[in-house]
Amino acid sequence: MKEPVLTPWIGPDGQIMRRLELHLTYTCPERCVFCSEEHRMARFKRFPVTWGRAATVVRQHAERGGNGVHFTGGEPTIHPRFRDILRLSKKLGMRTSIGTIGTMLSRPGFAETVLPFLDEALFSLHGPDAATHDALARREGSFERVTEAIRRCVSLKPGFGAFVNTVLTRDNAEKLPQTIALADALGAKLIVVSNTTPEGAGLDAYEDLAVPLSVLADVLPRSVPAAQTAVLRFFGVPMCLLGAHRTLSNDLHWDPRVTVEWTAQPGSVKFDGLYSWAPDRKRVHVSQCDRCTLQGVCMGVFDEYARKWPTTELTPIQG
Ligand code: SF4
């Protein structure tokens with residue numbers, strides 16, 4: 001019998017969605033205080049993503065016309081067949097990227113083995129010094145390892161896409177200019193500044209973690225000059241708090257994507273693809289947004305923030 005032909009994933013405007021996000025693991029050696037995946041990891045870590053399953057998803061993505069795959073987790077580099085999955089993806093013509101804490105890539109030998117098959121990595125760096133970063137990652141030595149990993153990848157592979165993700169909490173927000181300066185000096189080409197998302201551990205501790213809008217309005221615009229060469233993006237932040245830098249909002253630069261991961265079904269779980277059309281997860285518009293000309297492109301504030309605190313610091317954009 002003839003195999004059915006797979007059709008492309010189609011995006012909200014009829015475009016073919018070429019980028020896939022694939023969760024390879026549901027475990028991680030770190031326990032970041034804001035981890036949005038914590039609940040999903042607890043739920044699904046007893047269902048390992050096998051080599052066969054990962055390979056099938058990547059092959060099907062290629063058949064659907066996909067040309068890029070981002071591996072995430074948990075921590076994707078600890079998957080026992082990580083290198084084989086990267087190698088298969090490259091063989092199928094994909095651009096490969098990962099979201100990582102950097103531990104494995106900091107180790108002599110590991111980076112040399114996988115870098116031939118890896119184009120980009122989004123490294124987690126949550127402060128300009130070990131005390132700040134390690135406290136948020138809840139793992140001693142994490143800062144040393146991730147900064148070493150960035151240096152190692154940049155030096156070993158010319159043109160490598162070293163990117164940095166830094167999650168903002170009350171404990172590190174004031175240090176954002178120094179964190180950006182460090183990432184920039186390490187050779188990051190892109191720095192994503194992510195506001196704590198009220199999801200997973202980030203929701204459990206939201207009262208302690210959420211950065212007041214007044215602090216964001218102060219620190220975000222003045223952090224921008226710290227990126228001398230890297231491109232900056234702000235994720236999960238109301239655009240009006242970025243002042244003159246609002247075009248750096250990730251709300252304007254989002255790629256629709258399909259995420260393949262374990263999903264809960266009645267009485268079972270399924271490894272399945274979920275569409276993400278826009279960066280609007282957990283974001284809402286509030287009364288100030290009614291008077292704002294950016295309402296069509298800005299996704300607003302996090303729902304949990306609006307439930308807990310006033311949003312009077314939002315400054316609707318007129319004209
Ligand atoms: S007022 Fe609302 S819609 Fe306008 S930029 Fe601020 S958060 Fe976004």
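Guide: What you see is a predicted model, and the accessible surface of its protein chain comes to about 14400 Å², of which 52% belongs to carbon and sulfur atoms.

Visitor: What makes the radius of gyration of the protein chain agree with a compact globule?

Guide: The rule takes 2.2 Å times the number of residues to the power 0.38, and because the chain has 319 residues, a compact globule would come out near 20 Å, which agrees with the 20 Å of this chain. Along its principal axes, the C-alpha trace spans about 60 × 45 × 35 Å.

Visitor: Which share of the residues of the protein chain counts as buried?

Guide: A residue is called buried when its relative accessible area is under 20%, and 54% of the 319 residues count as buried.

Visitor: What part of the contacts with a separation of 6 or more joins residues 24 or more positions apart?

Guide: Such residues account for 71% of those contacts in the protein chain, a contact being heavy atoms within 4.5 Å.

Visitor: Which residues are buried in helix H3, and why are they said to lie on the same side of H3?

Guide: In H3, residues 82-91, the buried ones are Phe82, Ile85, Leu86, Leu88 and Ser89. They cover an arc of only 160° around the axis, and therefore they lie on the same side of H3.

Visitor: What covers the buried residues of H3?

Guide: The cover includes helix H2 (51-63) and helix H4 (110-114), together with strand E2 (68-72) and strand E3 (95-100). H3 itself is followed by Gly93, whose phi is positive, near 85°.

Conventions. Residues are numbered from 1 along each chain as its sequence is written. This is a predicted model: local features need pLDDT of at least 70, side-chain atom pairs count only at pLDDT 80 or more; totals for chains, interfaces and linings use all residues. Side-chain values use heavy atoms; hydrogens and water are left out. Buried means under 20% relative accessible area, exposed over 50%, partly exposed in between (1.4 Å probe, protein chains only). Accessible areas come from the Shrake-Rupley method with a 1.4 Å probe; for residues, only the protein chains shown count as cover. Helices (H or I, at least four residues) and strands (E, at least two) are DSSP runs, numbered from the N terminus. The arc is that of the directions from the helix axis to the C-beta atoms.
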